[in-house]
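Visitor: I am new to this one, so please take me through it step by step. I will ask as we go.

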Amino acid sequence: MSPRFRTPFEALFPARARRLPAPPVLGAVAAEARALRVRLAGRTVLSEVDLAVAAGEVLALVGPNGSGKSTLLAALAGDLPAESGEVRVDGRPAGAWTAAELALRRAVLPQSAELSFPFAVEEVVRMGRAPWAGTAVAEDDDRAVRAAMAAAEVAGFAGRSFAALSGGERARVALARVLAQRAALLLLDEPTAALDLRHQELVLRVCRERAAAGDAVVVVLHDLGLAGAYADRVAVLHEGRIAAEGPPGRVFDPELLSRVYSQPVEVIDHPRTGEPLVIPRR
Amino acid sequence: MSLLKHPGTATAPPGAATAEGGAHPRRRRTALLTAGLTAALLCTALLSAGVGAYDIPLGDVLGSVLHHLGLGGAELDRVGESVLWDVRLPRVALALLVGASLGCAGALMQGVFGNPLAEPGVIGISMGSAVGAVASIALGMSFLGNWTITVCAFVAGLVTVLLVYALSRSGGRAEVVTLILTGIAMNAFAGALVGLGVFLADNAQVTQITFWQLGSLAQATWPKVLAVLPCALLGLAAAPLYGRKLDLLALGERPARHLGVDVERLRLTLVLVVALLTAAAVAVSGVITFVGLLVPHVLRMAAGPGHRFLVPGSALGGALVLVAADLAARTAAQPAELPLGVLTALLGSPFFFVLLRRTRRRQGGWA
């Protein structure tokens with residue numbers, strides 16, 4: 001890592017020294033929304049949302065289209081201003097961190113992976129290391145990139161152009177980039193949307209591994225089966241509010257889900273594992 | 001798996017070996033390209049200083065330059081000295097500065113817009129700058145002496161950049177169609193204003209305005225070089241510092257912010273740098289299009305899209321292209337001289353068509 005240049009602008013207005021994150025403490029709150037209300041384009045998209053995610057757990061956000069899942073995720077990422085209430089990340093209001101400091105604390109996987117120029121896959125994954133440039137941790141860059149590419153199973157096409165990949169491959173490259181960032185809070189917006197069965201399982205297994213390693217993982221899912229199988233807790237969103245929240249076994253109540261999704265469903269226990277399975281009543 | 005990091009120790013799985021990208025081959029290629037471009041630039045500059053209506057042998061050019069630097073060499077005769085130092089060298093220096101500014105501005109603009117078609121000329125910023133210059137000529141303004149035209153071009157360029165930026169972006173990216181339509185509108189509007197300037201101007205001013213629209217370095221003098229130098233140097237020095245952040249911006253605005261880039265500040269700074277570079281170039285040379293479009297394009301194809309090479313590389317490449325183009329403009333139709341802007345557009349646009357088709361086919365679309 002070459003020493004970082006200072007731009008003339010930065011020389012004139014030096015950024016405050018970045019506060020590096022402390023290692024996560026299992027069970028400590030990584031991010032939380034308190035009485036959060038968010039308005040977008042004149043419409044209240046979230047109201048009275050109270051939700052916390054702790055280090056070491058996987059929290060799934062589920063709910064019908066337009067229920068506010070992605071908005072909540074974006075708010076937790078510090079992207080959206082709260083109309084009232086607040087979002088705290090790593091113990092401080094999200095707005096109190098600089099962009100550079102937030103980047104050391106949370107990584108975000110967007111719903112669709114896009115790229116303006118045809119960078120190679122490995123270069124894209126390496127972009128995830130950018131927040132650590134200039135810190136001692138930057139020495140781990142190569143190892144982090146390698147591990148992330150292996151975890152997302154993209155090492156096989158590391159040299160290919162991102163533009164030449166299929167949708168599912170792109171999604172995995174984006175995931176590898178997010179993993180390479182090695183932030184203690186992972187916010188994933190529909191990471192399984194473009195993936196085949198095997199890779200859906202892979203992504204959720206990676207989530208579990210990261211949680212076991214002490215990270216806090218928030219993941220937006222449409223597949224209630226995946227949420228039931230892999231999440232420690234599930235929050236069901238409905239019209240911008242949290243309709244229910246807790247372990248999947250308790251939250252997956254047929255009446256609640258039927259009401260929220262406006263679609264009658266049955267919940268049965270898997271005969272072998274006992275995990276709750278949600279099946280639309282046909 | 002890291003076959004690209006340790007090519008000697010890892011066995012490449014089938015398919016990966018044919019990869020054209022990867023960090024290490026690219027780094028070697030950029031080093032080679034930098035060396036090649038620098039050497040070509042030096043040779044072309046020397047050639048351009050020697051060739052013309054009054055030919056000066058290359059050895060004599062070198063000798064005179066060394067003599068002026070106090071490193072030995074020998075002075076030329078009076079005519080030779082005058083041709084070389086009062087006519088040729090300021091022109092070469094100006095071509096170098098303008099070319100570097102345009103190439104670099106093109107690379108920056110494509111990075112900021114997240115779109116390979118953004119270029120100061122195509123999206124109307126050169127014409128916008130020219131409006132400022134033309135207005136200052138037509139209205140006979142001289143409130144800042146030698147600097148009036150440069151300053152007017154700069155202010156008009158800045159306003160145009162901001163306007164185009166606000167009009168053509170949504171959700172962190174500029175779509176091709178929006179960008180091109182914005183460019184059409186901007187060029188039409190600026191063209192109308194320039195026409196108004198022509199209408200208001202007297203004969204001498206009309207000649208001066210025409211020169212702006214065609215683009216030429218024929219009026220190169222040392223004071224002009226000095227007028228453009230601070231803008232160009234400041235812009236060229238600042239631009240490469242943003243390479244890494246521009247790479248991140250390719251992911252989109254939100255992901256870039258998630259990776260710690262203060263996107264608003266980056267955009268504002270770079271738009272200012274682009275305006276600085278473009279306006280400086282336009283103010284002394286008129287509207288010279290396609291340099292800022294072609295050079296980054298070719299370099300991106302040769303060395304990949306990483307901005308840490310692309311931005312300074314495009315400055316180098318732009319300088320090379322413009323010094324060569326100016327040499328051609330001076331010598332191709334001797335004793336007449338082709339307008340430089342006409343030449344670059346004439347050669348640049350068909351080449352660009354080809355590039356466009358090739359790149360589009362390979363990456364399967366622009367968006």
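Guide: One term comes first: helices are DSSP runs of H or I with at least four residues, numbered from the N terminus. Please also keep in mind that this is a predicted model.

Visitor: Good. Where does that term come in, say for Arg267(B) and Glu264(B)?

Guide: Arg267(B) and Glu264(B) are both in helix α11 of chain B, residues 263-285. Being 3 residues apart there, they are separated by about one helical turn. Their side chains meet in a salt bridge, with a distance of 3.6 Å from N to O.

Visitor: Is Arg267(B) buried or exposed? And what about Glu264(B)?

Guide: Arg267(B) has a relative accessible area of 18% and is buried, because buried means under 20%. Glu264(B), with 43%, is partly exposed.

Visitor: Stepping back, how many helices and strands are there in chain B?

Guide: Chain B has 14 helices and 0 strands. Read from the N terminus on, its elements are α-α-α-α-α-α-α-α-α-α-α-α-α-α.

Visitor: What percentage of the residues in chain B is buried?

Guide: Of the 367 residues in chain B, 54% are buried. Among the contacts in chain B with a separation of 6 or more, 74% are between residues 24 or more positions apart.

Visitor: And how much accessible surface does chain B have?

Guide: The accessible surface of chain B is about 15500 Å², and carbon and sulfur atoms account for 69% of that.

Visitor: Where is Leu139(B) placed?

Guide: Leu139(B) is in the loop between α4 (125-138) and α5 (148-168) of chain B. Its relative accessibility is 55%, so Leu139(B) counts as exposed.

Visitor: Switching to chain A: what does the UniProt record annotate there?

Guide: An unreviewed UniProt entry gives the annotation "domain: ABC transporter" for residues 31-264 of chain A. Over those residues chain A is 34% helix and 26% strand, and the C-alpha atoms at the ends are 33 Å apart.

Visitor: What order do the strands of the open sheet in chain A follow?

Guide: The open sheet has 4 strands, in the order β2-β1-β4-β5, and the pairing is antiparallel. At the edges stand β2 and β5 (92-93) of chain A, each with a single partner strand, so one side of each has no neighbour in the sheet.

Visitor: How many bridges join β1 and β2 of chain A?

Guide: Strand β1 (residues 29-40) and strand β2 (residues 43-54) of chain A pair over 8 bridges in the antiparallel sense. For instance, Ala31(A) has Val53(A) in β2(A) as its bridge partner, while Ala33(A) has Leu51(A).

Visitor: Which residue takes a positive phi in the hairpin of those two strands?

Guide: That is Ala41(A), with a phi near 50°, in a hairpin that has 2 residues between the strands. As background, most residues other than glycine have a negative phi.

Visitor: What is the phi of Ala35(A)? And of Arg182(A)?

Guide: Ala35(A) has a positive phi near 45°; its place is in strand β1 of chain A, and it is partly exposed, with a relative accessible area of 43%. Arg182(A), also not a glycine, has a positive phi of about 50°. Arg182(A) lies in the loop between α6 (167-180) and β7 (185-189) of chain A and counts as partly exposed at 38% relative accessibility.

Visitor: Back to salt bridges. How many are there over all chains?

Guide: The count comes to 25 salt bridges over all chains. In chain A, Glu32(A), Arg34(A), Glu86(A) and Arg88(A) are linked in a network of them. Within that group, the side chains of Arg88(A) and Glu86(A) meet at 3.2 Å, N to O. Glu86(A) counts as partly exposed, at 23% relative accessibility.

Visitor: Which residue does Arg208(A) form a salt bridge with?

Guide: The partner of Arg208(A) is Asp232(A), and the closest N and O atoms are 3.1 Å apart. Arg208(A) lies in helix α7 (residues 197-212) and Asp232(A) in the loop between α8 (224-230) and β9 (233-238) of chain A, so the pair ties together parts that are 24 residues apart in sequence. Arg208(A) is partly exposed at 27% relative accessibility, and Asp232(A) is partly exposed at 30%.

Key: Residues numbered from 1 in each chain as written. Chains lettered and ligands numbered in written order. Predicted model: local features only at pLDDT ≥ 70, side-chain atom pairs only at ≥ 80, totals over all residues. Heavy atoms only, no water. Buried < 20%, exposed > 50% of the residue type's maximum accessible area, 1.4 Å probe, protein only. UniProt positions renumbered as here; feature names shortened; annotations may be inferred. Contact = heavy atoms within 4.5 Å. Areas by Shrake-Rupley, 256 points an atom, 1.4 Å probe, with all protein chains shown as cover. Pairing = 2+ DSSP bridges. Salt bridge = Lys/Arg side-chain N within 4 Å of Asp/Glu carboxyl O.
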